[in-house]
Amino acid sequence: MTKEEIRQEVLSLITEGNFLPEAKGKEEIRGDQPLEVYGMDSFAFIQMIVCLEKSFHVEVPEDLLVVKKWETIDLIVETLADMLSRKG
């Protein structure tokens, strides 16, 4: 899976899951912008992690359950790409 495919899947999951209530659509979400700007809170963060684990068939290790690793779309893509490359 390419990083662009990961990005598109992440954007779809995040917007369909309503994890970012202040984002009007995935076209509006900047890759380098902190997700809290779009209204993500700690509850939505945990829900997003669970959703990403299910969708990408990965288990996020405890040491990666840090908001800084998942703070932006760019960081989410990098973290998932790294996890998928180690998995497969």
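The model is a predicted one. Its secondary structure consists of three helices and zero strands, arranged along the sequence as α-α-α.

**Overall dimensions and burial**

- The radius of gyration of the protein is 12 Å, which agrees with the value near 12 Å for a compact globule of 88 residues.
- Along the principal axes, the C-alpha atoms occupy a box of roughly 35 × 25 × 20 Å.
- Of the 88 residues, 39% count as buried.
- Among contacts with a separation of 6 or more, 53% are between residues 24 or more positions apart.

**Packing of α1 and α2**

- Helix α1 spans residues 3-16 and helix α2 spans residues 42-56; the two pack at an angle of about 135 degrees, with their axes 11 Å apart.
- The helices α1 and α2 are therefore oblique to each other.
- The crossing of α1 past α2 is right-handed.
- On the α1 side the contact involves Ile6, Glu9, Val10, Leu13 and Ile14, which meet Met48, Cys51, Leu52, Ser55 and Phe56 of α2.
- By class, this contact of α1 with α2 comprises eight nonpolar residues, one polar residue and one charged residue.

**Setting of threonine 79**

- Threonine 79 lies in helix α3, which covers residues 73-87.
- Threonine 79 has a relative accessibility of 10% and so counts as buried, the cut-off being under 20%.
- When neighbours within four places in sequence are left aside, threonine 79 is in contact with Leu64, Lys69 and Trp70.

Key:
Residues are numbered from 1 along each chain as its sequence is written. This is a predicted model: local features need pLDDT of at least 70, side-chain atom pairs count only at pLDDT 80 or more; totals for chains, interfaces and linings use all residues. Side-chain values use heavy atoms; hydrogens and water are left out. Axes are lines fitted to C-alpha atoms, for helices over the stretch in contact, and angles run from 0 to 180 degrees between N-to-C directions. Helices (H or I, at least four residues) and strands (E, at least two) are DSSP runs, numbered from the N terminus. Angles under 35 degrees count as roughly parallel, over 145 as roughly antiparallel, 65 to 115 as roughly perpendicular and the rest as oblique. A crossing is left-handed if the near helix is turned anticlockwise from the far one by less than a right angle, and right-handed if clockwise. Contact means heavy atoms within 4.5 Å. Ala, Val, Leu, Ile, Met, Phe, Trp, Tyr, Cys and Pro count as nonpolar, Asp, Glu, Lys and Arg as charged, and the others, Gly among them, as polar. Buried means under 20% relative accessible area, exposed over 50%, partly exposed in between (1.4 Å probe, protein chains only). The radius of gyration is taken over C-alpha atoms; the globule rule is 2.2 Å times the number of residues to the power 0.38.
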